[in-house]
Amino acid sequence: MARSPVWASRSKTRGLVLDVIRAARTISRVELAAATGLTGATISEVVRELLGDGLVVEVGRGASTGGKPRTLVQLNPPARYGVGVQLERNACVIVLVDLAGRPVARTSFHGVASMPPDRALPLVASQVDALLTTAAVERAKVLGVGLVSYGPQDRSAGVLLTPQPTEEWCDYPVAGRLSESLGLPVLLDNDAAAAAIAEYWMGAVDPRSTYGCIYMATGIGGGVVVAGEVYRGSSSNTAEIGHVSIDVHGDECTCGNIGCLENYAGPSAVVRQALATPGLARRLALDPAGDDVLTEFSRIAAAANAGDAEARGLVERSARYLGHAAVTVAVLFDLDTIVLAGQSFAVAGSIYQAVIQQQLDRRSFARRAHPVRVVPSVNGSDAAAIGGAVLVLQNELTLGRGRPEDRSAPAGANEARDHLLPARSTGQ
Ligand SMILES: [Zn+2]
C-alpha cells in the first residue's frame, strides 16, 4: 500500500512507530523498520526519542539472526494514562487506563439522569479527581479524558444533539464544561465507536480486520473499524443500527425515524414485553413504574439463562432482531468480525452470540467468501469507558504527538487533535 505523504511529518512517524510497538508488544528495531517501511536510521532516532520520553523501555534481547542479538523494546504502561468516562442515561462509569490499554482503576455511580448537566459534570470531575488520587497517578501523566455517550452528537463542538436524559442536556457544552472543571483536555465521542476501537487497542482483533461492534446498554449503537481507525462518515454519527428501521409501518421513534430496531430489540422494549406477560412480570417481580431499565432487563436475562421459557423467548426475539441488524451491517461493510459490547450483553451474552452467529452464517452476503465471527468484547461491561480512554491515548500518541510539552499547543494545530478540547482553567 502506498504511504501517504502525511507520514513524512515527524509526529506521524512517531505515532506509526509507537502503534507498531503497541501492537507487537515486544519488537526489535530491525523488525520495526521492516514493519513500518522506515529506514534503520529513522527508527533508531525515533526509538531513542521514545526512550527519552519514557514511552517505551528496552526489555532484553531477542534471538540473533547471525549478527549480534537484537535489543527488544516495548511500551512502558505506567508512562501515560487516559481517563474514560461513559455517560449513560442513568449511570456513569469512570476508568483510568494505562498506555497498554489496561484499566488500573474504576468507579461508577448512579443518578446522572436526574441531574442537570451543570450539576452532573462537576460531580463527574470530582469523581475523576478522586480516582486519580486513589490510584496515586500523577495528573501530569494523564493525557486527557474521553467522554463517551450516545448520539447523535456534534463531536467537534463537544455537544450532545439529543434531549436525553433531559432537555437541558441537548446542545449543552458537555466536553468544554468537563474540561473546565478538570483542567484536562476532554474529547467527546460515541460510546459504540469507543467500545469498537478498544478491541483493536487491546489486540483482540487482527489489525488488518474490518470489524463491527454492536453496542447495547440502555440503547443500541454500533461502530465500524477499518485498519485500526473508527469509520467516521460525515459527522461521526455512523453505524447507528439502533435507529435503522425494521418496520416501515412502525411507530415514530424519538430520533425521527419510524420502526427503529431499538424499539423492538433494546432493553426497554424487552422490559415492556415482559411487563405485558403477567406470569413472567410476577415471577421476576418487575416494577411497572421502575426507571432502572438495565436492572430490570438483567433480571429477565438471568431468568432466560436459568431456563425460564418465557424470559428466554423474549431474549431470543431481541437477539433475532439484533441478528437482522448484524446481517445488514455485515452486508454494507463486508465485515469479518462482529464484537458484542456493553452492559446489556453482560448476563445473556451467550444467547445473543449464538442467535446472531446463526443469522450471519445463514444470511451474510459474503458467507461463501469468508465467515463473519461473533465474539464478546474483551473489555466486558466497561468496554465503552475503556474505549473512551483508549481514544485519548490513540489521539495523542499514535495520531497526534503525545509529548507532555506539546499539550500547550492549541487544538487544531495538528489535524488529528482537532476534536480534543484543550484544558481550560475555570473562569476563563
Ligand atoms: Zn430511532
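A residue is termed buried if 20 or more other C-beta atoms lie within 10 Å of its own, exposed if 12 or fewer, and partly exposed in between, with C-beta atoms placed from the backbone. The model is predicted, and local features need pLDDT of at least 70, side-chain atom pairs count only at pLDDT 80 or more, and totals for chains, interfaces and linings use all residues. Residue numbers start from 1 along each chain as its sequence is written.

**View 1. D251 in the loop between β13 and α7.** D251 lies in the loop that separates β13 from α7 (262-265); helices (H or I, at least four residues) and strands (E, at least two) are DSSP runs, numbered from the N terminus. Because D251 has 10 C-beta neighbours inside 10 Å, it counts as exposed. Apart from neighbours within four places in sequence, D251 is in contact with I258, G259 and N263, a contact being a pair of residues whose C-beta atoms, placed from the backbone, lie within 7 Å. Between D251 and N263, twelve residues apart along the chain, the C-alpha separation is 8.8 Å.

**View 2. The whole chain.** The chain contains 13 helices and 16 strands. Of its 428 residues, 45% count as buried. Among contacts in the chain with a separation of 6 or more, 63% come from residues 24 or more positions apart.

**View 3. Helix α1 and its surroundings.** Helix α1 (residues 10-24) has 15 residues and reaches 21 Å from its first C-alpha to its last, close to the 21 Å expected at 1.5 Å a residue; the expected span is 1.5 Å times one less than the number of residues in the helix. Its buried residues are K12, R14, G15, L16, V17, L18, I21 and R22. These buried residues of α1 pack against β1, α2, α3, β2, β3 and α13 (383-398). R25, which follows α1, has a positive phi near 70°.

**View 4. The crossing of α2 and α3.** The axes of helix α2 (residues 29-36) and helix α3 (residues 40-52) come within 9 Å and cross at roughly 115°. Axes here are lines fitted to C-alpha atoms, for helices over the stretch in contact, and angles run from 0 to 180 degrees between N-to-C directions. The α2 and α3 crossing is right-handed; the near helix is turned clockwise from the far one by less than a right angle in a right-handed crossing, and anticlockwise in a left-handed one. On the α2 side the contact involves R29, L32 and A33, which meet G40, I43, S44 and V47 of α3. By class, the contact of α2 with α3 comprises four nonpolar, two polar and one charged residues. In this classification Ala, Val, Leu, Ile, Met, Phe, Trp, Tyr, Cys and Pro are nonpolar, Asp, Glu, Lys and Arg are charged, and the others, Gly among them, are polar.

**View 5. The open sheet of three strands.** The strand order in this sheet is β1-β3-β2, with antiparallel pairing. The edge strands, β1 (27-28) and β2 (56-61), each pair on one side only; two strands pair if DSSP finds at least two bridges between them. Strand β3 (residues 71-75) is joined to β2 in the antiparallel sense over four bridges, and β1 is joined to β3, also antiparallel, by two bridges. E58 stands opposite V73 in β3, and I27 likewise stands opposite V73. The bridge partner of R61 in β3 is T71.

View 6. Strand β11 (residues 210-216) and strand β12 (residues 220-226) run antiparallel and are joined by seven bridges. Within this pair, I214 stands opposite G222 in β12. The 25 residues of α11 (residues 309-333) should span 36 Å at 1.5 Å a residue, which agrees with the 35 Å between its end C-alpha atoms. Just after α11, D334 takes a positive phi of about 50°.

**View 7. S298 in helix α10.** S298 is placed in helix α10 (residues 293-305). Because S298 has 17 C-beta neighbours inside 10 Å, it counts as partly exposed. The C-alpha atoms of S298 and V347, 49 residues apart along the chain, are 6.4 Å from each other.

Conventions: Contact = placed C-beta atoms within 7 Å.
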